[in-house]
Amino acid sequence: MLAVVTMCLVGAACSGDDDRSEETVPDDTTPVLVVDSEAVPPEAVEAPVGSVVVDDTGFVPGVLADDVVTAEELDEAYQRYLGCLADGGAGGRYAYDIDLQVGLTIDWQLAGDDGLGRASNTLDRGCSESYLGNIANRYFATVERPDDLQARQHDSIVACVEAIDPGVAREVPDDITTDTSVDGVYIDEVQVDLAFLGATPEDAAEISLCFTRVGVPWQDFGTPSPPTDTARPTT
């Protein structure tokens, strides 16, 4: 089982893409990564995980060539990344809303992976280098913040939490924010102490994920798999 969440919010760290931007990416058409066939025995899965290959497509350099990342380009990057994971045999759920300035949150697994997640990590790294790179960082670093964004993000979180526990939803601060540069209660401060809002232990995991994805609804991709309830922001 593997749960990975990449999250980019204006004013917050955007580490899922940023960490990989410092790594060396081949500048030719050689496959970026090939899963070590010894990591997961071929007989352990129907299609050997060791056969997964992610090509360097030139997509990221093409998007960044003009030093401008549009909302359409970011959406395409996310969809290509998700499609790459699905092509590699992965499946799970994801959420993002570019208009709401909420980056990609993803909770997924790769059937047949070993207990250390080596094949999953390799697939994720290859797909990320080919289709994400530093695109989200560039977009969120330059996009303007509308005056009504904080209110819209608040309403999105409340709607998500309300479907789980209306009482907790009523306690979400009116001035909750995803941006550390503006006045208000930063989203992480609320998320780390859900008991303060009255969340029960049974509901805490899903309520926490409402904050993680700023209330944006989950969507499925790839091979269907059960939610892990352990998704968390990368650091």
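Helices (H or I, at least four residues) and strands (E, at least two) are taken as DSSP runs and numbered from the N terminus. The model is a predicted one, in which local features need pLDDT of at least 70 and side-chain atom pairs count only at pLDDT 80 or more, while totals for chains, interfaces and linings use all residues. Residues are numbered from 1 along each chain as its sequence is written, and side-chain values use heavy atoms, with hydrogens and water left out.

The protein chain holds nine helices and seven strands. Of its 235 residues, 50% are buried. Burial follows relative accessible area: buried means under 20%, exposed over 50%, and partly exposed in between (1.4 Å probe, protein chains only). A contact requires heavy atoms within 4.5 Å. Among contacts between residues at least 6 apart in sequence, 71% join residues at least 24 apart.

Three strands build an open sheet in the order 4-3-7, with antiparallel pairing. Strand 4 (102-110) and strand 7 (219-222) form the edges. Each has a single partner strand, so one side of each lacks a neighbour in the sheet. The twist from one strand to the next averages 25°. Strands count as paired if DSSP finds at least two bridges between them. Strands of a sheet pair through backbone hydrogen bonds, either parallel or antiparallel. Strand 3 (residues 90-97) pairs with strand 7 in the antiparallel sense, over four bridges. Within strand 7, Phe221 stands opposite Gly92.

Two helix pairs were examined. Two packed helices are described by the angle between their axes and the distance between the axes. Axes are lines fitted to C-alpha atoms, for helices over the stretch in contact, and angles run from 0 to 180 degrees between N-to-C directions. Angles under 35 degrees count as roughly parallel, over 145 as roughly antiparallel, 65 to 115 as roughly perpendicular and the rest as oblique. A crossing is left-handed if the near helix is turned anticlockwise from the far one by less than a right angle, and right-handed if clockwise.

Helix 6 (residues 149-162) packs on helix 9 at an angle of about 165°, the axes lying 9 Å apart. Helix 6 is therefore roughly antiparallel to helix 9. Their crossing is right-handed. Helix 6 contributes Ile157, Cys160 and Val161 to the contact, and helix 9 contributes Ile207, Cys210 and Phe211. These residues divide into six nonpolar, no polar and no charged. In this scheme Ala, Val, Leu, Ile, Met, Phe, Trp, Tyr, Cys and Pro count as nonpolar, Asp, Glu, Lys and Arg as charged, and the others, Gly among them, as polar. Helix 9 (residues 201-212) also carries Ser208. Ser208 is buried because its relative accessible area is 19%. Leaving aside residues up to four places away in sequence, Ser208 touches Gln191 and Leu194.

The axes of helix 3 and helix 4 (residues 118-131) come within 9 Å and cross at roughly 150°. The two helices are therefore roughly antiparallel to each other. The crossing of helix 3 and helix 4 is right-handed. From helix 3, the contact draws on Ala77, Arg80, Tyr81, Cys84 and Leu85. Helix 4 supplies Leu123, Asp124, Cys127, Ser128 and Tyr131. The contact residues divide into seven nonpolar, one polar and two charged.

Asp67 lies in the loop between helix 2 (59-64) and helix 3 (71-87). With 63% relative accessibility, Asp67 is exposed. Its C-alpha atom is separated by 9.8 Å from that of Ile135, 68 residues apart along the chain. Val68 is found in the loop between helix 2 and helix 3. Val68 is partly exposed, at a relative accessible area of 44%. The C-alpha atoms of Val68 and Arg138 are 7.6 Å apart, across 70 residues of chain. Val68 touches Val63 and Glu73, with residues up to four places away in sequence not counted.

Backbone geometry picks out two further loop positions. Most residues other than glycine have a negative phi, and most peptide bonds are trans. Gln101 is not a glycine, yet has a positive phi of about 60°. Gln101 sits in the loop between strand 3 and strand 4 and is buried, at 3% relative accessibility. Val214, likewise not a glycine, has a positive phi of about 50°. Val214 occupies the loop between helix 9 and strand 7. Its relative accessible area is 0%, so Val214 counts as buried.
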